[in-house]
Amino acid sequence: MSDQKHDRANSGPIREFVTLYIGDQIFGLPVSDIREVFHPRAITRVPLAPPEIRGVLNLRGRIVTAIEVRTCLSLPPLEEDNASSMMAIGIEVDDEAYGLIVDRIGDVLQLPERDCEAIPCNMDSNWQAISSGIYRLDGQLLIILDIQRLLGVEPSTEMAA
Amino acid sequence: MDDLLSDFLAETQESLEVVDAELVKFEQQPEDDETLNNIFRLVHTIKGTCGFLGLPRLEALAHAGETLLGKFRDKALIATPETVSLILDSIDKIKEILDHLTETQVEPEGDDKEIIALLVAASEGVQSESAPKVVAENPVETNQSTEEDPPVGYDIDLDRELRPGEVSLADLEAAFMAADGPDIEQLAVEADQAKEEEVSKEKEKTEVKPTAEPLKLIQTVRVNVDSLEELMTMVSELVLTRNQLLQIVRKSNDEELKIPLQRLSSVTAELQDGVMKTRMQPIGNAWKKLPRIVRDSAKLAGKKVQLNMSGESTELDRQVLELIGDPLTHMVRNSCDHGLEPGDIRVAAGKPEAGQINLSAYHEGGHIVIEVADDGAGLPTSKIRAKAIKNGTISQADADAMSDNQVHRLIFAAGLSTASAVTSLSGRGVGMDVVRSNIEKIGGTVDLNSIDGQGTTFKIKIPLTLAIVSALIVDTAVGKFAIPQLAVVELVRSTETGEHRVETINGTRVLRLRDSLLPIVDISDITGEAAPESSEKPSFVVVMVVGELRFGVLVDSISDTEEIVVKPLSNRLTSIPIFSGNTILGDGSVIMILDPNGVAKQVSTGEEVEQDTSRDEANTDQNSDKTAMLLFFAGGREPKAVPLSLVTRLEEIDPNKIETSGGRHMVQYRNTLMPLVHASGAPTFKETGQQPVLVFTENGRSVGLAVDEIVDIVEEVLNIEMSDGGPGAIGSAVLKGKATEVLDVGHFLTQGFHDWFERKSAMENNEEPAAKRILLVDDNAFFRNMVRPLLSAAGYDVTAIESTSEAWALNEAGVNFDIIVSDIEMPDDNGVDFAKKLAEDLNWNNIPRLALSALEQHDLEKIGAISAFTDVVRKSDRESLISTIHYVLQSQGEAA
């Protein structure tokens, strides 16, 4: 996703990721992609919208489309009583504001570019479709999400091929 | 792009538009020096700038054109349609080169020798007197050249010296031109055809200048459209934020905040106004190219056409302006090609040879109305009818039932614009469905009016701006939505038991509204989401009209109307057909804006489009002079009539279902027994077939009036002559040219209600000890007879009198009433004075006074009726009369 940094790989560049949790799984998003983190409040549901679109909400006068990352990953939505702890990650793609709804937000990690590994080919195709790499952390695996693909690719589309 | 070049392009584009229009004007008035000077100056400027920027091709063209114009200016030449065509062609050529410049920043390859030669020849043409004569005899072999420039023997077209015996091309052209006018035109036409199809949109066009008159000096600054758009977006945000603040302060009641907020509020409003203004452009900008188009298509068709424009300075949002340009061009071209007849036919019809196309624009209540009117032959009604039937757009039966006006509107239907329609309808109406859908896309409407032999008028109504619209905020089972008010024609309260009840046919919802069935959609149906079982039964039907389709959307309640700032949908959501955008409400929540067009498409699955037959009726409803009457036969072939507004429904009942009990006729109707009375006075019910019945319903109680045959519904000014035709008749009136007996509905209602009514009032007696007494004052016997039974049926004790003096007599006699209902406009009495007097009367001052009037609100205020009366009810509105009386009496009871 950042070929530019690859070019300078010999100096061992460091990349920063915001980590987030869906269930027990930890994911990472490049800090540079993220505009803000906020509590999603008063989401208006949009009838007939694709399933992963949870609705639209007002973030300081701007209409933000809320994307349910769980649905993108073919996971069931969070139970209602846990929903209050949900967080949203504000991103902007093509001048449009999106909010990625996740279970909770973790720390910011600094990881060397070269440690990033390819996604195992036996991973769920939906997961593969929206990930760009994987890091081996102590005791867990960090999956790096690709925002472009997360927003551009329908979860049902077969991307594994 | 080079700043200098892009400025030049933008400026030249503008100048050329002016030149186009001015040239057409000049052609018609060749003696108008001012117009010519203006054209000359503009072309000269273009030439000068081209030279400065190093654009030789453009410069040469402009120079040749300027030379010819110079000849006109010096009166050395008289402008003819041919020479003007030539200049117009050169302008087109310049435009073509400009387009190329815009895209590539360099002049295109090639040259314009052909057209320059024509221009040069034209400017030479009349100067050389000898040329036409000689050349006409033997054009090819003659070597008689004209004067210098270009020098004899050098041909600029061939770019070399002429060989002996050869004639320069320019001379040849000159000869042709001078010898035979039409040849040049032929060339011009060919050049036109060779030319690429119209000029693409000028991207650099960033003008803020309100330039209707090119000579007017107004100081302007060029601003990029994008920065204006940005500004508009920010102002929209500001408006939303202010709305939120206002809502918060309203709740918290913080006095300290209120004053600065008020100031903020007014400044915001001014700012919004100001920014809106910068986006506004005179509609004349979109019209600039029309004179040229009319001129060209008129020439092609060999017609004389005069285009008149008025209201060019009417301003509207530039976004709207851009979108309206193409449909407008299409319509004007249509009027020119098909609307206007050829000159000879016009003369034969006694019209002036030159056809008129009138284009006008004006403001009307937050909308811009644009009219395109021609004085041609009008639409070929019978051809359209035949075509529509053939196409299957409408059925034969529908076609027979349709008025001419409705038939004309069929040209907006998609089915009529097929290729085959072009030939059989001679092109009229082609693409009109595209025009309509383009106009509807921007929330506008288009209608037409065609009078046979006198012409056709198209009326386009478009919103001033697309950014801010007024909308109805509705609650539904699946959430709140905004509906643009432009599409909404009325709101109907629908209850389970009331008059307006939503019924289902095979799962499809419909509503009986007046005399038509209205298809109803529930948002939860369209969205495919099951509505949660709500206990809320009473709901509203929002009646919308989109094109020819009239339908209702079922909602739980209407929560507000609000001016909303339309924000575009996210890319991920644009594929949903039923939404056109979203917005942030004053409370900060986001709601979706329903797209009436999208919803309409969902309603008419398949082609079952319900034709909008009730529109005509709705229009005339506003005309208070006319009354809709239902004509029928009952006991004989003399027509009888009742006011349509009194009839709740028309039913057909199986005669076998009619039951008799105690000498009365009943029928089971909607789970209750409905008394039946025959309008002829005798129980001559049908024995076979279907018995037509007019159903009158009040407060859930119905009476059926059986008739022999329902004939028609007419709308006419009622002139009732009172008669003593016995019980059951008010009098007679001339309807549809026939003397018609107008029946006293009250007579039949009380006949039907009779025992049933007693039972009802006995039931009510538990709560209300005695029926409320109403004094009804109205000089019009017809109206008295209409209203009295209605009020009696609603459980009131009515005393109806025809003058205020009778009222005072009752006052003297010590009679008391619970409410006085009085007409305002009576020929011998004044209702307002009566009310004022009542207010001072010792006995009656506490009785609520209700006025009946057909006047509008502001007129009522003018005559002081608002203050003199407790309330005012529209005369024709019987439902609100009863509910108002009920309400007034109730609040009176509470106050006492």
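Q: How do you know that strand β22(B) pairs with strand β32 (residues 738-743) of chain B?
A: In this predicted model, 2 bridges join β22(B) to β32(B), and the two strands run parallel. Pairing requires at least two bridges, so the 2 bridges between these strands meet the cut-off. At one place along β32(B), V742(B) is the bridge partner of A641(B).

Q: What makes strand β22 (residues 639-643) of chain B largely enclosed by the rest of the structure?
A: A residue counts as buried if 20 or more other C-beta atoms lie within 10 Å of its own. Of the 5 residues of β22(B), 4 are buried, so the strand is largely enclosed by the rest of the structure.

Q: Why are helix α2 (residues 33-53) and helix α3 (residues 56-73) of chain B called roughly antiparallel?
A: The two helices pack at an angle of about 155 degrees, and their axes are 9 Å apart. Angles over 145 degrees count as roughly antiparallel, and that makes α2(B) roughly antiparallel to α3(B). Residues of α2(B) in the contact include L36(B), F40(B) and V43(B), and those of α3(B) include A62(B), L69(B) and F72(B). The residues of this contact divide into 10 nonpolar, 6 polar and 4 charged.

Q: Is the crossing of α2(B) and α3(B) left-handed or right-handed?
A: α2(B) and α3(B) cross in the left-handed sense.

Q: Why are α12(B) and helix α13 (residues 318-339) of chain B described as roughly parallel?
A: The axes of α12(B) and α13(B) come within 9 Å and cross at roughly 30 degrees. The cut-off for roughly parallel is an angle under 35 degrees, and α12(B) and α13(B) are therefore roughly parallel to each other. Their crossing is right-handed. On the side of α12(B) the contact involves L290(B), I293(B), V294(B), S297(B), A298(B) and A301(B), while α13(B) gives T329(B), V332(B), R333(B), C336(B) and D337(B). By type, the residues of this contact are 7 nonpolar, 2 polar and 2 charged.

Q: What makes β4 (305-310) and β8 (445-451) of chain B edge strands?
A: An open sheet of 5 strands in chain B has the order β4-β6-β7-β9-β8, with mixed pairing. β4(B) and β8(B) each have a single partner strand, so one side of each is left without a neighbour in the sheet. From one strand to the next, the twist averages 15 degrees.

Q: How do you know that β7 (residues 367-374) and β9 (residues 455-463) of chain B are paired?
A: At least two bridges are needed for a pair, and β7(B) and β9(B) are joined over 8 bridges, in the antiparallel sense. V369(B) stands opposite K461(B) in β9(B).

Q: Which helices lie on this sheet, and at what angles?
A: Helix α12 (residues 290-301) of chain B packs on the sheet, touching β4(B) and β6 (355-364) of chain B, and its direction makes about 165 degrees with that of β4(B). Helix α19 (residues 432-441) of chain B lies across β8(B) and β9(B), and runs at about 140 degrees to β8(B).

Q: What makes up the contact between chain A and chain B?
A: Chain A gives 17 residues and chain B gives 22 residues. In chain B, α9 (225-252), β19 (579-584) and β20 (590-594) each give two or more residues to the side that touches chain A. The residues on that side of chain B divide into 9 nonpolar, 9 polar and 4 charged.

Q: What is the secondary structure of chain A, and how much of the chain is buried?
A: Chain A has 4 helices and 10 strands. Of its 161 residues, 30% are buried.

Methods. Residues numbered from 1 in each chain as written. Chains lettered and ligands numbered in written order. Predicted model: local features only at pLDDT ≥ 70, side-chain atom pairs only at ≥ 80, totals over all residues. Contact = placed C-beta atoms within 7 Å. Nonpolar A, V, L, I, M, F, W, Y, C, P; charged D, E, K, R; others polar. Buried ≥ 20, exposed ≤ 12 C-beta atoms within 10 Å, placed from the backbone. Axes fitted to C-alpha atoms, helices over the stretch in contact; angles between N-to-C directions. Parallel < 35°, antiparallel > 145°, perpendicular 65-115°, else oblique. Left-handed = near helix turned anticlockwise from the far one by under 90°.
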